[in-house]
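The structure is shown first.

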Amino acid sequence: MSSLFFVPRDTKDLELNAGRIASAWNSLVWRATSKQEDRLSIFLLACATDESSLREVLPLFDLGRSIRMAHWVLQQRSLPLGILFTRGPRLLDPELGWAPLTVFDDRISNTTCIPRSPGERTLTVVLPGLVLSVGEQRIFRDFVVAIEDLARDYRVVCDADYPPSWVENGWSVKFGMLGLILQECPKDGEQQVGILIAVKH
């Protein structure tokens, strides 16, 4: 249990900060709360490691629950990469749609540090992925991606509980291209969680 919470000596150390965020998030996987909405409040307080960071967090409790996470994200100087791959609904803000709406029962397994500037709304990552040209057609929750250069097919199963905001009428695509972002290059017979995004062109 000692690894669940730790206070870095230098709270400005970006890698330690990202690891601390992941530890605080993951500790809530085992925590029982009477109200699901309390998880975000507990998480925010767990991320406050000193008086300065506590002063940043406390005003967030005066905000509505639906925007609290967005304001916390905008304060961060670094985030763990795995926060992108957590299962659950995302923020509705188009520029913050990559960020989770609240804290879920899904662990952050990848604690690789993503440096950011406070107030930055987008997130820049370098990860393997595919651009899928689907045209103006309906895609299904379960579909196959064929990569001709590698002579391989990959099966994509979308999370029906939390469809992306750009999905209309079931799985009708508003954009003609999709991006499939992966945590690592796919290997034969291996499953991994990815992110399906709309690509505007």
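## Strand pairing

The model is predicted. In it, strand 8 pairs with strand 9 (residues 195-199) in the antiparallel sense, over five bridges. Within this pairing, Gly179 has Ile197 of strand 9 as its bridge partner.

Strand 8 (residues 177-181) also pairs with strand 3 (residues 129-133), and this pairing is again antiparallel, with five bridges. Here Ser133 is bridged to Met177 of strand 8.

## Helix 1 against helix 2

The axes of helix 1 and helix 2 approach within 9 Å and cross at roughly 145°. The crossing of helix 1 past helix 2 is right-handed. On the helix 1 side, the contact involves Arg20, Ile21, Ala24 and Trp25, and these meet Phe43, Ala46 and Cys47 of helix 2. By residue class, the contact consists of six nonpolar residues, one charged residue and no polar ones.

A general point on helix geometry applies to contacts of this kind. An α-helix has 3.6 residues a turn, so residues three or four places apart point the same way.

## Helix 4 and its surroundings

Helix 4 spans residues 65-75, and its buried residues are Arg68, Met69, Ala70, Trp72, Val73 and Leu74. Which elements do the buried residues of helix 4 pack against? They pack against helix 1 (14-27), helix 2 (38-47) and strand 1 (78-80).

## Cysteines and Ser53

The structure contains zero disulfides. Is Cys47 buried or exposed? Cys47 counts as buried because its relative accessibility is 6%, below the 20% limit for that class. Cys185 counts as exposed because its relative accessibility is 52%, and the exposed class begins over 50%.

Ser53 lies in helix 3 (residues 51-57). The relative accessible area of Ser53 is 15%, so Ser53 is buried, being under the 20% cut-off.

Conventions: Residues are numbered from 1 along each chain as its sequence is written. This is a predicted model: local features need pLDDT of at least 70, side-chain atom pairs count only at pLDDT 80 or more; totals for chains, interfaces and linings use all residues. Side-chain values use heavy atoms; hydrogens and water are left out. A disulfide is a pair of cysteine sulfur atoms within 2.5 Å. Buried means under 20% relative accessible area, exposed over 50%, partly exposed in between (1.4 Å probe, protein chains only). Two strands pair if DSSP finds at least two bridges between them. Helices (H or I, at least four residues) and strands (E, at least two) are DSSP runs, numbered from the N terminus. Contact means heavy atoms within 4.5 Å. Axes are lines fitted to C-alpha atoms, for helices over the stretch in contact, and angles run from 0 to 180 degrees between N-to-C directions. A crossing is left-handed if the near helix is turned anticlockwise from the far one by less than a right angle, and right-handed if clockwise. Ala, Val, Leu, Ile, Met, Phe, Trp, Tyr, Cys and Pro count as nonpolar, Asp, Glu, Lys and Arg as charged, and the others, Gly among them, as polar.
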